[in-house]
Amino acid sequence: MVPRVSVVIPTFNRWPLLVEAVDSVLTQSYRDFELIVIDDGSTDATASELAKLAPRLQFFVTQRRGVSAARNLGVSQSRGHYIAFLDSDDVWLNSKLERQTRFMDEHPEFHICQTEEIWIRNGVRVNPRAVHQKPSGDIFTRSLELCLVSPSAVMMTKAVFERTGGFDEAFPVCEDYDLWLRISAQHQVPLIPDRLTIKRGGHADQLSRSIWGMDRYRILALQKALRSNLDRSQEAAVLKMLRQKVAIVAAGARKRGREQEAQNLQALVAELEQEKLNGRQRDSDIREPEGISAEHARPLA
């Protein structure tokens, strides 16, 4: 039987936490799922411990390639209509898949949704700041400032994941920020207000603590977004955020004596702004002689 949902867990050297994540999947009230774990080159006991659970899950051991490649591999091996990701340091409440699958089945107009979360930091429950409050529906503009979608809280159709291109494997961090921008530029992202995901942080091996200058990767994601098929209001919002993030990173580069890096970043903004101006001029040149609307001129250009 083909499962309705495929659950994908990427992991690297997290067996004591991973077993809790796996258990939270295997004890779900909703049963029509397959569980796929990708061991991204762990050097601890992950592979041998997963082998003991093999009848209840599929697992693949790879060379160390990063979380994006691990998630993409998991999806490539999946058979479900829906994909649900779970980070190996997070856990689900046991009704998470049931609630989310029912929502997606009842609302086929949506291709992705996420749940609310409980945040645990260093073993203590904390309340997210106002800036981290999750929006619902059209989340694109608010998502430009910071990532407002958690992989562990998401369920999406496999089709939309594949159409959007999956996680960019060139990103060591902010790969989720990049993907959610690409998806939310084209699709609504409704929020299920139930807190069905427990997001745990504060441990030393979190990627967000191991990579310097995460805004550098957000700048790359914004650059990619600008060169995709955005509408005018989305373009304007991306350019505004790009200027802000470039200013922050350029200031940091100057403090470290890297003036050329700062100048290159500022030149990038000017280049992208000129690209957008040139694109609008091409749109206008196409429309004028042919009487074509702006909506149809952009793909022609």
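In the predicted model, the largest nonpolar core comprises 30 residues, of which F140, L144, C174, I219, L222, V238 and L242 touch the most other members. A nonpolar core is here a set of buried Ala, Val, Leu, Ile, Met, Phe, Trp, Tyr and Cys residues joined through side-chain atoms within 4.5 Å; buried denotes under 20% relative accessible area, exposed over 50%, and partly exposed the range in between, with a 1.4 Å probe and protein chains only. At least two residues of this core come from each of α7 (175-184), α9 (214-226), α10 and α11 (259-290). The most is given by α10, with 9 residues. Apart from this core lies another, of 26 residues, including V7, I9, L86 and I192. In soluble globular proteins, nonpolar side chains tend to be buried together.

Numbering starts from 1 along each chain as its sequence is written. The model is predicted, so that local features need pLDDT of at least 70 and side-chain atom pairs count only at pLDDT 80 or more, whereas totals for chains, interfaces and linings use all residues, and side-chain values use heavy atoms, with hydrogens and water left out.

The protein chain contains 12 helices and 9 strands, assigned as DSSP runs (helices H or I, at least four residues; strands E, at least two) and numbered from the N terminus. Of its 301 residues, 50% are buried. Among contacts with a separation of 6 or more, 73% join residues 24 or more positions apart, a contact being defined by heavy atoms within 4.5 Å.

Helix α10 spans residues 232-255; its 24 residues reach 35 Å from the first C-alpha to the last, close to the 34 Å expected at 1.5 Å a residue, where the expected span is 1.5 Å times one less than the number of residues. After α10 comes G257, with a positive phi near 80°. Within α10 is A250, which counts as buried because its relative accessibility is 1%. Beyond its neighbours within four places in sequence, A250 contacts A262, L265 and Q266. The C-alpha atoms of A250 and E261, 11 residues apart along the chain, are separated by 7.2 Å.

Packing of α9 against α10 occurs at an angle of about 155°, with the axes 10 Å apart. Axes are lines fitted to C-alpha atoms, for helices over the stretch in contact, and angles run from 0 to 180 degrees between N-to-C directions. The two helices α9 and α10 are therefore roughly antiparallel (over 145 degrees; under 35 is roughly parallel, 65 to 115 roughly perpendicular and the rest oblique). Their crossing is left-handed, meaning that the near helix is turned anticlockwise from the far one by less than a right angle, clockwise being right-handed. The contact involves D215, R216, R218, I219, L222 and L226 of α9, together with E235, V238, L239, M241, L242, K245, V246, I248 and V249 of α10.

Helices α7 and α9 pack at about 20°, with axes 9 Å apart, which makes α7 roughly parallel to α9. This crossing is right-handed. Y177, D178, L181 and R182 of α7 meet R218, A221, L222 and K224 of α9.

M1 and D32, 31 residues apart in sequence, are 9.4 Å apart in space, C-alpha to C-alpha.
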